[in-house]
Amino acid sequence: PGSCSGADVTTGDDLAETIASDGTPDGYQICASGADLLGNVGLASGPSNWFGVDKVAPLSRFHGTTAATPAIVGTSPTVAITPNTTIYDIAAGMPYLTDVWGLEGLDLRSGFNQNAVAGFPAGQTMTHQTGLLNLTAAGPSAMSMILSDNYVRTAAEWAFHDGFATPGYYSYTGIVTDRAGNSTTPYVRNWLTDDVTPPSITFATFAATFYAPGTPADFVIFGADDLEVIVASFTVDYPVVTAASGSLQYDFTVGARWDGLNPYDATAFSTAITGVSVQVPNLIGRMDFTCSGAAVPYPSCAVANALPVTLTDFNAGGTDASRLPVGVTPISFEDAGGNLSGGAAQIPFNVLQFSDSTAAPWDWAGVPDIDFWQIKPNGATAFFAEHTASTSIEDPFFDSIMLVLDDTAGTGSMIICGNFGVQTLSDNGINRFWTAGAGRPGALTQCGMAQTANPLATYHAVGVSGDAILVSNGIL
């Protein structure tokens, strides 16, 4: 420092930061000299003006994020907290009436340029996307509002929607730059607003002329949303034999929340579901139930969790064909904000659409090989499904086992929650048991939320054998 008496430097990176730029107490001056290839050095120039050095980015934060610097009365910066997870739906009301954007900054050296002509220290960009349309509001912001801890805040805070009062994915980018040109790492926050109308599901239809139980089955669904549809649900309906549901609900993913994390990429949006094909991997030919007590649900039932003594009781109409599914019912669409549509009318099958019927496989060589079929709790967080049989059984009877939730007070459907694990064999000398375990659905899953909302909902073990299923009694 001072009159070019310091060491030679080759780059500004060699200079330490200063707290001043006028030599009191520190600062720098530069003198320049030149040399030719022979080593002859010319005279050094005189010292330059004094200057300071600032190489560290300023401190910055969203406005209102500390107790010492609360947000402006009536506003809050809640959308800034968690990127790519904040979703505002219909139930949330209209939070954007109070949520605003703004930045606060404090520099440890050169400070901020408050000259409106030369540029402002804070740059903010707001982007709203719908479909392939990007609308952007951008501009510099002065930081002249002094706070109690000496930070300064952007004078003009931006409204949440910033004039884009429509559902959509939103992105905010904010950056603070000090007088020396050092910039903070940009704040990038994406959020979603879907708070106007729920999606609509219009109807489903068949994608094939003939269907055969035990084979994949394609259907076509129709609907729309003002933003995008995420999940489509419908049931395959069966003749109702018990007070339990006679429908099996399938959920299909047709979109993905945050499918455009790049705020300028909205190419994956699914605003209209028009003729989207979905597939049931195995069209179940019949749905049967275990006994829930004497003469319930079949006349020859004796005890709970067993099968009817007269196995023809399974055929409510007297023939296997009477147990075929009777139709498909669209249940709901779920949009990006988690809002659900209403249902639609059932699309009935006609008898010519099936090339086969399914016999009840629960009778093996004329002797029931299922003494009991039931679901039991396994602690507070799991279940196990248990098939009790004679000591002669060597292989598991069921091809696989599903865990379903019968939300009879909600959708009226048995919702597929997942599968039980591998079946293991045990023997107590009187009976043999094939047992499989499954975890209780979490609170944030569809089955967990339905269970929480409806205390009467019950979980069932559903054994699959070929294209037939046997539903156990339910437990909470």
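Good morning. The structure before you holds 9 salt bridges. Please keep in mind that this is a predicted model.

I shall begin with the charged side chains. R286 and D288 meet in a salt bridge, with 2.7 Å from N to O. Where do these two residues lie, buried or exposed? Both R286 and D288 are buried.

D288 also takes part in a salt bridge with R323, and here the N to O distance is 3.6 Å. D288 belongs to strand β17, whereas R323 is in the loop between β17 and β18, so this pair ties together parts that are 35 residues apart in sequence. Why do we call D288 buried? Its relative accessibility is 0%, and buried means under 20%. R323 likewise counts as buried, at 0% relative accessibility.

Next, please turn to K376 and E386, whose side chains form a salt bridge of 3.0 Å, N to O. K376 lies in strand β22, residues 372–377, and E386 in strand β23, so the bridge ties together parts 10 residues apart in sequence.

How many aromatic pairs does the structure hold? There are 17 aromatic pairs. One of them joins Y298 and F314 in an edge-to-face arrangement, with 5.1 Å centre to centre and 75° between the planes. Y298 and F314 both lie in the loop between β17 (286–289) and β18 (327–335), so their pairing ties together parts that are 16 residues apart in sequence. Y298 is buried, and F314 is buried as well.

A tilted pair is formed by W362 and F398, at 6.1 Å centre to centre and 55° between the planes. This pair links distant parts of the chain, 36 residues apart: W362 is in the loop between β19 (347–348) and β20 (363–364), and F398 is in the loop between β23 (382–389) and β24 (400–406). W362 is buried, with a relative accessible area of 0%, and F398 is buried at 2%.

Finally, which residues do ring pairs link into a cluster? They are F206, Y211, F219, F234, F252, F349 and F354.

Thank you for your attention.

Methods
Residues are numbered from 1 along each chain as its sequence is written. This is a predicted model: local features need pLDDT of at least 70, side-chain atom pairs count only at pLDDT 80 or more; totals for chains, interfaces and linings use all residues. Side-chain values use heavy atoms; hydrogens and water are left out. Rings of Phe, Tyr and Trp (its six-membered ring) pair if their centres lie within 6.5 Å; planes under 30 degrees apart count as stacked, over 60 as edge-to-face and the rest as tilted. Helices (H or I, at least four residues) and strands (E, at least two) are DSSP runs, numbered from the N terminus. Buried means under 20% relative accessible area, exposed over 50%, partly exposed in between (1.4 Å probe, protein chains only). A salt bridge is a side-chain nitrogen of Lys or Arg within 4 Å of a carboxyl oxygen of Asp or Glu.
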